[in-house]
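Here is a short report for a reader new to this structure. Please look at the sequence and the model first.

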Amino acid sequence: MKPFNDFLTFVYRILLLYILFMICRIIFYIYNLDLTGTITWTEFPKLLKGSLIFDSGSIFYINLPFLFFSLLPFRFRSNRIYQKILLWVFVIVNSLGLAINIADIFYYPYKLGPIASDDLHFTTNGNFGSLMWSFFKDFWWGFILWGGIIFALWYGFKKIGYRTTQIKNNFVYFFSQLALLGLAVFTAVVLIRGGNISGATYPINISDASLYASPSKNGLILSNPFALIRTMGQSVYYPQYFQEEELDDIFTPVHTPPYESIVEIEGHPNVVIIILESFASAHIKSLSDQFPADDPGYTPFLDSLINNGFIFRSAFQNGIRSIDALPAIWTSIPSFKTQFLSMPQSSAPMLSLPEIMKTMGYTTAFLHGAVKESMSFVAFGNQAGVQKFVSREEYEKENGKNDFDGKWGIWDHKFFPFAAKNIDELQEPFFATMFSLSSHHPFRLPAEFEGRYPEGKMPIHKMIAYSDEALRNFFTQVSTYDWFDNTIFIITGDHGSGADNEKYLKTPYNFSIPILFYSPSMDLRGESYRAAGHMDIMPTLLALFGYEEPFFAFGKNLFSDRTPDRTINYMGSFNTITDSLLYIFNERDLSAVYNYRTDPLQENNILDEFQEPDSVLIWTKAFIQQYYKHIKERNYMP
């Protein structure tokens with residue numbers, strides 16, 4: 001193929017990139033079909049438009065240098081050596097960009113969102129090398145696909161060929177090519193902004209994907225370098241929906257006493273928070289309506305605790321990944337577009353739950369079977385005032401290295417008894433947080449447990465059953481300790497993890513996790529359908545314990561009848577959830593409202609029934625403004 005001139009050569013090379021980006025998207029869709037759901041003919045035009053808009057942003061973000069050097073208005077650009085240099089620039093830059101698309105194919109099921117700058121925390125983990133080797137073994141065909149992409153870039157560049165512009169007059173040549181360079185740069189800027197140059201509109205951001213796709217299909221649009229680039233080194237911007245003087249009257253994260261509680265306790269009981277890796281409500285029989293009556297499910301022990309504790313049945317995560325759970329639980333600070341702990345603004349004074357419990361005379365501890373560098377847990381624990389850490393290092397110092405699972409840390413059935421022993425050694429009263437580990441990809445059981453659990457419909461199901469038994473054995477062990485009866489256990493999952501049914505693939509059910517308050521001897525029995533989140537645990541505990549000082553928390557007291565029935569999270573758009581309604585807000589307008597209790601498959605958008613001013617929408621705007629205002633100011637103190 002012989003193009004007409006240099007400019008068309010450049011255009012054909014850019015078109016090659018659009019083709020390769022779309023091929024990656026098709027593979028993403030096929031691989032993640034059970035998470036995204038099938039595309040209907042009515043959805044297709046908007047999905048295609050959104051895909052092209054975000055692909056354009058990615059392509060021109062990473063190819064601005066290539067654009068500039070391809071269209072310099074000088075004749076040396078036709079030099080053979082210069083074209084070889086352009087070839088290598090084209091192949092290297094775009095192979096790295098397309099590697100993000102390919103990585104997202106496999107990463108999306110665990111994050112349910114695109115790769116962003118906060119995901120680069122894996123490169124700082126102490127076990128990064130072993131993780132990469134594990135990823136290579138598990139997803140080897142992705143590396144073959146990447147090799148094919150690199151070859152396609154090289155072959156396509158060569159096959160397009162090159163023919164210089166045939167203008168002999170140097171004056172005409174220079175200014176005509178300068179004009180084309182200016183046109184190309186202008187077009188690139190417009191496309192990076194999302195196809196507009198109006199000062200009345202902002203450049204597109206990640207949340208704009210909700211304009212073209214439902215939450216479950218956002219990944220089809222956002223799985224490209226755009227999400228990574230737009231979250232790197234970005235200053236905190238927040239919309240100002242309300243004047244400062246009225247904002248606190250609508251919503252404030254500052255809580256002031258007295259705090260009421262419909263549940264009463266006496267004395268200073270111990271507290272053990274148990275965060276179960278990937279324990280979504282979809283996998284828990286007593287929280288899901290998808291299990292037949294005669295099916296024992298995968299969590300018989302957790303179900304027994306739920307039936308004897310106080311369970312919040314409409315509970316949802318306030319972040320995306322495991323790393324988001326701890327700040328939401330310990331400091332009542334959720335993670336939205338960017339995980340809180342990866343933001344430089346997270347390094348600021350804050351009054352965390354462990355720190356407050358210390359002031360109330362409690363010993364604090366965090367127990368997790370991974371290395372201390374993993375997921376910034378221990379680093380954040382130090383910031384949050386945790387006194388004792390029990391990690392893989394402590395376990396292996398005492399028990400040797402034979403119980404490492406080969407990827408993440410110590411097997412649950414080995415670490416849980418070790419954690420129980422270490423909790424027993426804490427001075428009472430104590431506040432301990434234990435984070436499980438094994439119910440995670442690659443969903444591999446210890447050799448001695450193979451065949452012991454039902455396979456289920458998803459690879460994670462046997463791991464859920466395995467960790468549930470480890471939890472049973474943990475409770476059997478701690479029930480023999482003197483402090484057991486005088487302890488409140490709070491059990492939750494860190495995030496959703498897919499599902500084997502359509503209902504739990506839809507927002508908000510794909511974010512649904514358990515929040516259970518359980519005590520062997522105290523009057524903590526019942527259930528509630530009010531919307532709850534991880535960020536509600538801190539204010540609920542402090543009210544329950546009769547705390548008498550102001551504190552900072554974005555969450556609410558779940559045991560108060562006066563707090564609003566709503567929680568919020570983010571996946572391409574803000575999702576505000578009440579006991580029955582889901583509001584999808586793209587930072588400018590409501591894009592949908594669903595009654596998720598009666599319409600779980602979201603077949604009936606009831607947005608037209610809502611008119612301004614709507615109290616939930618007003619609260620949502622105030623929450624977002626307060627959140628980013630405090631992030632920007634690094635202000636997390638009452």
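## Aromatic pairs

This is a predicted model. The count of aromatic pairs comes to 70. One of these joins Phe 106 and Trp 141: their ring centres are 5.0 Å apart and their planes stand at 75 degrees, so the pair is edge-to-face. The cut-off for that label is over 60 degrees.

The pair links distant parts of the chain. Phe 106 sits in helix H5 (residues 80-111), and Trp 141 in helix H7 (residues 140-160). They are 35 residues apart. Phe 106 is buried, because its relative accessible area is 7%. Trp 141 is partly exposed, at 31%.

## An aromatic cluster

One aromatic cluster brings together Phe, Tyr and Trp residues. Among its members are Phe 251, Phe 336, Phe 340, Tyr 570, Trp 619 and Tyr 636.

## A nonpolar surface patch

Trp 141 also belongs to a nonpolar patch on the surface, with Tyr 31, Trp 140 and Ile 144. Together these residues have about 420 Å² of accessible area. Helix H7 gives the largest share of the patch, three residues.

Ile 144 lies in helix H7. Its relative accessible area is 55%, so Ile 144 counts as exposed.

## A negative surface patch

Which residues form the negative surface patch? They are Glu 245, Glu 246, Asp 248 and Asp 249.

Asp 249 is placed in helix H11, which covers residues 244-250. Asp 249 is exposed, because its relative accessibility is 67%, and exposed means over 50%.

How values were computed
Residues are numbered from 1 along each chain as its sequence is written. This is a predicted model: local features need pLDDT of at least 70, side-chain atom pairs count only at pLDDT 80 or more; totals for chains, interfaces and linings use all residues. Side-chain values use heavy atoms; hydrogens and water are left out. Patches are made of residues with over 30% relative accessible area and no salt bridge: like charges are joined within 9 Å, nonpolar side chains (Val, Leu, Ile, Met, Phe, Trp, Tyr) within 5 Å. Accessible areas come from the Shrake-Rupley method with a 1.4 Å probe; for residues, only the protein chains shown count as cover. A salt bridge is a side-chain nitrogen of Lys or Arg within 4 Å of a carboxyl oxygen of Asp or Glu. Lys and Arg count as positive and Asp and Glu as negative; His and the chain ends are not counted. The place of a charge is taken as NZ of Lys, CZ of Arg, CG of Asp or CD of Glu. Helices (H or I, at least four residues) and strands (E, at least two) are DSSP runs, numbered from the N terminus. Buried means under 20% relative accessible area, exposed over 50%, partly exposed in between (1.4 Å probe, protein chains only). Rings of Phe, Tyr and Trp (its six-membered ring) pair if their centres lie within 6.5 Å; planes under 30 degrees apart count as stacked, over 60 as edge-to-face and the rest as tilted.
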